[in-house]
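Open the model in your viewer and keep the sequence panel beside it. This tour goes from one selection to the next and says what is there at each stop.

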Amino acid sequence: CPTGWHLPSDAEWTALTTYLDGDGGKLKETGTTHWASPNTGATNQTGFTALPGGYRNSSGTFNYIGNYGYWWSATEHSETNAWSRYLGYDYNYVSRSNFDKELGFSVRCVRD
């Protein structure tokens, strides 16, 4: 992230999703210009305008663009994995999981 900003920790992501009662629709861009239909529950109430960038796999190809958005946290799960959050076109909750650090996810920068 640029100077004065940081990649949020898993705890910071949890604080955000708890505040939103887990409602990922409040983060997602509305409509189906970028998200696949039906883009369930999308209201963008927070103004975050989450986009479905998918992810880059370890061989360099991209998967799920238009269907899912994945964001890294700064918190490791293990030596090879880190915690992340993701959103999907067909549900409105924020999912949490850990993935291999070799994958290319989007990042959300938070002001210090």
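Which backbone nitrogen lies 3.1 Å from a polar atom of the side chain of Ser 73? Select Ser 73 and look for Thr 75, whose backbone nitrogen is at that distance. Bear in mind during the whole tour that this is a predicted model.

**Stop 1: Ser 73**

Ser 73 belongs to strand 4, which covers residues 68-76. The side chain of Ser 73 also has a polar atom 2.9 Å from the backbone oxygen of Trp 83. Is Ser 73 buried or exposed? Ser 73 has a relative accessible area of 4% and is buried, because the limit for buried is under 20%. Now show the residues that Ser 73 touches, leaving out those up to four places away in sequence. Among them are Leu 7, Pro 8, Ser 9, Asp 10 and Trp 13, and Trp 83 and Ser 84 are also on the list.

**Stop 2: Asp 10 and its partners**

Asp 10, one of the residues touched by Ser 73, is the next selection. Side chains of opposite charge can pair when their charged atoms come close. A search of the whole structure finds three salt bridges. In one of them, Asp 10 pairs with Arg 85, and the closest N and O atoms are 2.6 Å apart. Asp 10 is in helix 1 and Arg 85 is in strand 5 (residues 81-88), so this pair ties together parts that are 75 residues apart in sequence. Both Asp 10 and Arg 85 are buried.

Arg 96 lies in strand 6, so its pair with Asp 10, in helix 1, ties together parts that are 86 residues apart in sequence. Asp 10 has a relative accessible area of 10%, whereas Arg 96 is partly exposed at 43% relative accessibility. Shown together, Asp 10, Arg 85 and Arg 96 are linked in a network of salt bridges.

**Stop 3: Glu 76 and Lys 101**

Which residue forms a salt bridge with Glu 76? Select Lys 101: the closest N and O atoms of this pair are 2.3 Å apart. Glu 76 is in strand 4 and Lys 101 is in the loop between strand 6 and strand 7, so the pair ties together parts that are 25 residues apart in sequence. Glu 76 counts as exposed at 51% relative accessibility, and Lys 101 is partly exposed at 34%.

**Stop 4: the aromatic rings**

A pair of aromatic rings is described by the distance of the centres and the angle of the planes. How many aromatic pairs does a search of the whole structure find? The search finds 15. Select Tyr 55 and Phe 105, which form an edge-to-face pair with 6.0 Å from centre to centre and 70° between the planes. Tyr 55 lies in strand 2 (residues 55-56) and Phe 105 in the loop between strand 6 (95-100) and strand 7 (110-111), so the pair ties together parts that are 50 residues apart in sequence. Tyr 55 is buried at 17% relative accessibility, and Phe 105 is buried at 11%.

Next, select Tyr 64 and Tyr 68. Their ring centres are 5.4 Å apart and their planes are at 90°, so this pair is edge-to-face. Tyr 64 is partly exposed, with a relative accessible area of 44%, but Tyr 68 counts as buried at 19%. The loop between strand 3 (62-63) and strand 4 holds Tyr 64. Although Tyr 64 is not a glycine, it has a positive phi of about 65°.

To see one aromatic cluster, show Tyr 55, Tyr 64, Tyr 68, Tyr 70, Trp 72, Tyr 86, Tyr 89, Tyr 91, Tyr 93, Phe 99 and Phe 105 together.

**Stop 5: charges over rings**

Select Trp 13 and Arg 108. The charged end of Arg 108 sits over the ring of Trp 13, 4.7 Å from its centre. At Trp 35, the charged end of Lys 28 sits over the ring, 5.0 Å from its centre.

**Stop 6: two backbone details**

Finish in the loop between helix 1 (10-19) and strand 2, where Pro 38 is found. The peptide bond from Ser 37 to Pro 38 is cis, with omega near 20°. Asn 44 is also in the loop between helix 1 and strand 2. Asn 44 is not a glycine, yet its phi is positive, at about 50°.

Definitions and conventions
Residues are numbered from 1 along each chain as its sequence is written. This is a predicted model: local features need pLDDT of at least 70, side-chain atom pairs count only at pLDDT 80 or more; totals for chains, interfaces and linings use all residues. Side-chain values use heavy atoms; hydrogens and water are left out. Helices (H or I, at least four residues) and strands (E, at least two) are DSSP runs, numbered from the N terminus. Buried means under 20% relative accessible area, exposed over 50%, partly exposed in between (1.4 Å probe, protein chains only). A polar contact is a pair of N or O atoms within 3.5 Å; within protein, one must be able to donate a hydrogen and the other to accept it, and residues adjacent in sequence count only if both atoms are side-chain atoms. Contact means heavy atoms within 4.5 Å. Rings of Phe, Tyr and Trp (its six-membered ring) pair if their centres lie within 6.5 Å; planes under 30 degrees apart count as stacked, over 60 as edge-to-face and the rest as tilted. A charge sits over a ring if NZ of Lys or CZ of Arg is within 6 Å of the ring centre and within 35 degrees of the ring normal. A salt bridge is a side-chain nitrogen of Lys or Arg within 4 Å of a carboxyl oxygen of Asp or Glu.
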